[in-house]
Amino acid sequence: MAIAFIIPMGVGIATIVFLFLRFSRFIYLYLRPSSLSRYHYGEEPWALVTGASNGIGKCLAAELARNSFNVILHGRNPSKLENVVSNLRQQFSQREFRTAVLDASSATHRQISDLVSSFDDIHLTILVNNVAGGQIVQPLTNTSPDQVDFSLNCNARFPAQLTRSLLPRFAASRGRSLILNIGSAANTFAPYASVYGGSKACNQAMSSCLNVEMVAENLASKIEILCISVAAVTEAAQNTAPISLFTPAASTMAKASLARVGCGRAVVVGYFWHAVQLAFLGWMPMSVTTSIVAPIMRERWEEEKREK
């Protein structure tokens with residue numbers, strides 16, 4: 001009788017301890033201080049932010065400047081980039097800024113290599129793969145071949161090629177380097193965004209695999225690989241919804257992303273309330289999650305059709 005009582009009690013206690021440790025680990029992730037400063041060393045450290053003309057990328061550039069990094073802003077529209085840089089110079093007069101104009105959707109290997117070579121005269125310690133394209137809500141059958149290629153090139157090919165080109169430089173550096181990939185929660189269950197979600201999922205998969213590769217190559221102590229999963233954000237990706245608990249401003253998302261640096265994981269949800277939201281959906285049976293998400297995305301598709 002005693003054994004029959006003790007075993008269930010032991011299982012119950014172990015379960016409670018396990019859940020408590022998981023909850024504590026979850027909370028600590030969003031309370032711990034950022035380790036961004038470890039990449040600010042040497043003379044005039046620089047960061048490269050792709051897709052920095054607007055949205056989260058523009059805000060990441062501002063946050064990095066606020067943390068005393070000089071910043072290279074990448075985009076495909078030179079006038080937009082110059083406007084952003086002009087504003088940043090007014091806000092952060094002691095920082096230096098450069099622009100890198102290159103269309104991520106069509107850049108060749110040689111153009112990417114030339115872009116990387118243009119950084120030979122600076123001390124680059126951070127790469128932020130933020131560029132994204134093809135955030136169109138529509139059925140796959142309504143997506144043109146060019147739109148498919150555009151999404152895949154912007155969200156998967158360009159970040160992979162740029163990372164490949166910069167890795168040898170980071171590996172040879174005397175200090176530490178950071179590769180920060182901005183992913184998307186759309187890579188899990190986002191109907192009417194299958195190409196965008198699938199192409200952004202490449203960032204998450206690449207981050208996980210490359211993180212282990214750095215361990216295998218004895219480079220984990222030199223190069224941090226981190227992917228930030230992002231859900232709904234206003235002031236980004238044509239989203240003009242009002243700011244709310246689960247839809248933060250792009251500036252809030254940028255701060256949250258940099259706050260996760262040094263957390264010791266390869267992939268994390270950057271913003272606390274996004275993490276709560278996604279955890280809630282993840283705990284539910286997929287059939288229930290689907291019944292919630294599908295009509296919401298269907299309505300967004302209907303809205304976009306009406307606007308057209």
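**Close-up 1. Strands β5 and β6 pair in the parallel sense.** In this predicted model, β5 (residues 177-182) and β6 (residues 223-229) are joined over 6 bridges. Strands pair if DSSP finds at least two bridges between them. I228 in β6 is the bridge partner of I182. Helices (H or I, at least four residues) and strands (E, at least two) are DSSP runs, numbered from the N terminus. Residues are numbered from 1 along each chain as its sequence is written. Local features need pLDDT of at least 70, side-chain atom pairs count only at pLDDT 80 or more, totals for chains, interfaces and linings use all residues, and side-chain values use heavy atoms, with hydrogens and water left out.

**Close-up 2. Seven strands form an open sheet with parallel pairing.** The order is β3-β2-β1-β4-β5-β6-β7. β3 (97-101) and β7 (267-269) stand at the edges; each has a single partner strand, so one side of each lacks a neighbour in the sheet. On average, neighbouring strands are turned by 20 degrees against each other, direction ignored. Helix α2 packs on this sheet and touches β1 (45-49), β2 (70-75), β3, β4 (123-129) and β5. Contact means heavy atoms within 4.5 Å. The directions of α2 and β1 make about 170 degrees. Axes are lines fitted to C-alpha atoms, for helices over the stretch in contact, and angles run from 0 to 180 degrees between N-to-C directions.

**Close-up 3. Helix α2 (residues 55-66) is mostly covered.** Of its 12 residues, 10 are buried (under 20% relative accessible area, 1.4 Å probe, protein chains only). Among them are I56, C59, L60, E63 and L64. Just after α2, S68 takes a positive phi of about 75 degrees.

**Close-up 4. Helices α5 (residues 145-172) and α6 (residues 194-216) cross at roughly 20 degrees.** Their axes come within 7 Å. That makes α5 roughly parallel to α6 (angles under 35 degrees). The crossing is right-handed: the near helix is turned clockwise from the far one by less than a right angle. In α5, the contacting residues include V148, L152 and L167; in α6, they include Y196, M206 and M214.

**Close-up 5. Helix α4 (residues 109-117) packs on α5 at about 45 degrees.** The axes are 10 Å apart. H109, I112, L115 and V116 of α4 make the contact, meeting α5 residues including F158, L162 and R169. The crossing of α4 and α5 is right-handed.

Terms used:
Buried means under 20% relative accessible area, exposed over 50%, partly exposed in between (1.4 Å probe, protein chains only). Angles under 35 degrees count as roughly parallel, over 145 as roughly antiparallel, 65 to 115 as roughly perpendicular and the rest as oblique.
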